[in-house]
Amino acid sequence: MPLIFTYWTLAICVAFLFFMLQQRRYRLFMPSTLHTISWGITALIIIFQIKGIHVSSHYGENAFSHSAAYMCGIVSASVVGFSLVHIFTQNQKTYQNQIDNLALNNILKTYWWIPYLCATTGIILLILIISSIGSIENFSDYRVKAISVERTGIFSIVKRLSGHINILGSFYLMLLGYKMGIEGINIKKLLLTIISCSLINMSIGGRVWILSSTLPFFVTFFLSRQSSILDKSTLRADYKKIIFIAVLFVSLFSIIGILRSDPNKHYPLLDKYQYFTDGTRITNMVLKQYPPGTYDLEYGRSEFLISWISSPMSNRFNESISDNIGLSVTVKSSLPYLYYDFGFWGGIVMWGIFCFILEYICLKLKYTKTIIDILLFGQLSQLLFQSPIFPVFPINIPPLEWILILYIFRQSLFGKIPNCKQYI
């Protein structure tokens with residue numbers, strides 16, 4: 001039965017993606033696009049894991065006995081939510097107001113120091129991690145120790161600051177993406193900026209930096225590309241560069257996965273991408289351990305308010321796996337937190353509502369008028385892509401807080417930059 005639910009999930013994702021490709025309004029990286037791609041990849045890898053094809057860990061159906069149905073429900077509800085937004089807004093007349101490229105150039109020149117700040121912070125963090133964990137046997141050992149090492153004193157301060165600096169790097173990449181969508185891709189500048197802005201995440205030995213650096217760029221790149229007036233030769237050259245970048249970073253994702261593996265063992269191809277399904281397996285443990293009716297629903301306390309208010313169910317589950325270091329550092333996706341808050345069917349319904357709201361907001365932001373609109377579109381559009389891997393709402397609160405701060409101080413930050421006043 002779990003396999004059937006997973007096949008249905010994959011089929012729904014493929015069918016919806018095919019439908020989106022036929023609709024001009026969907027041809028950007030919006031919540032609908034990225035959510036469907038992400039869960040489609042997850043469902044495909046789960047099928048290989050259940051069947052034991054191209055993976056070293058043959059989990060079998062029992063590993064997804066409860067979560068496969070929940071996943072299918074979540075994906076079905078999302079498709080309904082996304083579709084309703086476009087049905088309700090299809091007759092609305094809207095006009096895209098593209099921000100002047102000269103204004104973007106001036107902003108990026110004014111804040112040229114952000115990528116350098118990210119790179120410097122990443123190097124300092126790497127030095128602090130190495131000095132704290134001592135000897136390491138291999139890259140995999142470094143990764144586990146880098147995540148679990150106790151952060152005290154200066155290390156704690158640098159780690160806290162690095163998160164905020166990393167957010168600024170992401171915003172810089174969004175504005176760079178919007179600019180290159182208008183004038184074309186400068187691949188040398190792009191790669192140098194991505195590496196500089198990613199050194200903070202690289203320092204802990206993970207692979208998330210590949211997504212956290214490329215997604216912000218491409219979300220806004222395709223946003224501005226919708227109304228660009230580039231000639232066909234430049235457009236063709238850009239698409240070749242995009243293919244090169246995609247191949248490069250997919251290869252890097254695999255290489256880092258290999259480096260984190262035992263060098264004395266051979267690992268099948270998909271082992272490097274099982275990352276996507278760890279959260280679904282954790283969700284299965286939660287659903288088995290806490291069946292519906294055996295705990296009190298938290299109504300948003302876990303998914304939305306966990307950054308400010310403790311979630312009893314999250315703490316309860318984390319304590320139950322605290323003796324297993326591997327499980328403790330395994331990504332948990334949004335599904336357990338959604339389940340703690342609203343239960344099985346309630347979680348499915350609420351996810352459809354979340355998807356509807358996010359898609360609607362991004363559809364309105366698509367017709368950009370200000371710099372803050374670009375940043376908000378970039379942040380909200382990629383929010384759901386990480387839902388199979390992380391609890392998306394808690395990890396996106398700091399960037400949204402930063403956008404609010406930028407909005408409040410927008411006159412001071414952008415008002416004196418040449419050609420920018422009309423876009424703030």
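One aromatic cluster is made up of Phe 29, Phe 217, Phe 218, Phe 221 and Phe 222. The structure is a predicted model, in which local features need pLDDT of at least 70 and side-chain atom pairs count only at pLDDT 80 or more, while totals for chains, interfaces and linings use all residues. Residues are numbered from 1 along each chain as its sequence is written, and side-chain values use heavy atoms, with hydrogens and water left out.

In total, 23 aromatic pairs are present (rings of Phe, Tyr and Trp, the last by its six-membered ring, with centres within 6.5 Å; planes under 30 degrees apart count as stacked, over 60 as edge-to-face and the rest as tilted). Phe 221 and Phe 222 form an edge-to-face pair, at 5.2 Å centre to centre and 85° between the planes. Both Phe 221 and Phe 222 are buried (under 20% relative accessible area, with exposed meaning over 50% and partly exposed in between, for a 1.4 Å probe and protein chains only). Trp 351 and Phe 354 are also paired edge-to-face, at 6.1 Å centre to centre and 80° between the planes. These two residues are 3 residues apart in helix H14, so about one helical turn separates Trp 351 and Phe 354 (helices are DSSP runs of H or I, at least four residues, numbered from the N terminus). Trp 351 counts as buried because its relative accessibility is 0%, and Phe 354 is buried with a relative accessible area of 8%.

The lining of the second largest pocket divides into 23 nonpolar residues, 1 polar and no charged (Ala, Val, Leu, Ile, Met, Phe, Trp, Tyr, Cys and Pro count as nonpolar, Asp, Glu, Lys and Arg as charged, and the others, Gly among them, as polar). Helix H10 (232-259) is one of the helices that supply at least two lining residues, and H10 gives the largest share, 7 residues.

Tyr 299 lies in the loop between helix H11 (275-289) and helix H12 (312-320), and counts as exposed because its relative accessibility is 59%. Ser 333 is found in the loop between helix H13 (325-328) and helix H14 (335-365), and counts as buried, at 0% relative accessibility.
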